[in-house]
Amino acid sequence: MSTTNMATGSSYWEDLRKQARQLENELDLKLVSFSKLCTSYSSSSSSSQGHHTRDSRTDSLGSSHDNMLVAMTAELEQLLTNLTAVNEKMVEYINIPGGVSHNAALMHTLQRHRDILQDYSNEFHKTKSNFLSLREREDLLGSVHRDIESYKSSTGVNNRKTELFLKEHEHLRNSDRLIDNAISIAMATKENMTFQRGMLKSIQTRVTTLANRFPAINNLIQKINLRKRRDSFVLGGVIGVCTILLLLYTFH
């Protein structure tokens, strides 16, 4: 490859790198905005679930939100397509016969750009999938609420059974959230206690080793073990009572 061709090739490679970095920066900003928009959609949908009627202002806001999400999805897909095209051009440049295919630095740079593209693509598809699942769920719940409101409007009377059904529905939703929170707390507590138990076992092993070496300490260790068992029973009883009270409060 002549000096002129090498200079031209180097300039072409730098142009591709600049394009890739620019697209990656745009994708990073757009993905952050897209994630925030999906999160705000989730929050607004959750707040509207407690209301069985929607006014025109709420519908207009939801439609505007959907339009923004659709537009941002199209922009992100186009950016990913453009970045993919730039990466393919970089691959073609490195694979030119008699070119710079054995340049380790270029190969490393190309791999880094391909990894970034893969990360951004995975993040976009994951956020998009979560949003579509949420919107599908919200559409299903909205359809149920609309059917209920339509039934109430057609009868022209406040149907007591329907009101009880709606209240029970909300009660079950609240109970489900409370149970999820209780399970999360219990899992966190379990992990913490497992970690502490591991530490205590390690300490107990060391203390037992010392006790075997110094018999005078053995009586003290036995007293500590008895007190630890008693405290464990008391703690288990307290946790059991609290759990029962929480379940009673949840389902009544």
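Student: Which residues make the nonpolar surface patch of about 380 Å²?
Tutor: Val241, Ile244, Leu245 and Leu248 make that patch. Patch residues have over 30% relative accessible area and no salt bridge, with nonpolar side chains (Val, Leu, Ile, Met, Phe, Trp, Tyr) joined within 5 Å. A salt bridge is a side-chain nitrogen of Lys or Arg within 4 Å of a carboxyl oxygen of Asp or Glu. Areas are Shrake-Rupley values with a 1.4 Å probe, and for residues only the protein chains shown count as cover.

Student: What should I know about the model itself?
Tutor: This is a predicted model, where local features need pLDDT of at least 70 and side-chain atom pairs count only at pLDDT 80 or more, while totals for chains, interfaces and linings use all residues. Residues are numbered from 1 along each chain as its sequence is written, and side-chain values use heavy atoms, with hydrogens and water left out.

Student: Where does Val241 lie?
Tutor: Val241 lies in helix H5; helices are DSSP runs (H or I, at least four residues), numbered from the N terminus.

Student: Why does Val241 count as partly exposed?
Tutor: Because its relative accessibility is 47%. Buried means under 20% relative accessible area, exposed over 50%, and partly exposed in between (1.4 Å probe, protein chains only).

Student: New topic. Is Phe34 buried or exposed?
Tutor: Phe34 has 0% relative accessibility, so Phe34 counts as buried. Phe34 is placed in helix H1, residues 3–48.

Student: How far apart are the C-alpha atoms of Phe34 and Met68?
Tutor: They are separated by 9.3 Å, and the two residues are 34 apart along the chain.

Note on methods
Patches are made of residues with over 30% relative accessible area and no salt bridge: like charges are joined within 9 Å, nonpolar side chains (Val, Leu, Ile, Met, Phe, Trp, Tyr) within 5 Å. Helices (H or I, at least four residues) and strands (E, at least two) are DSSP runs, numbered from the N terminus.
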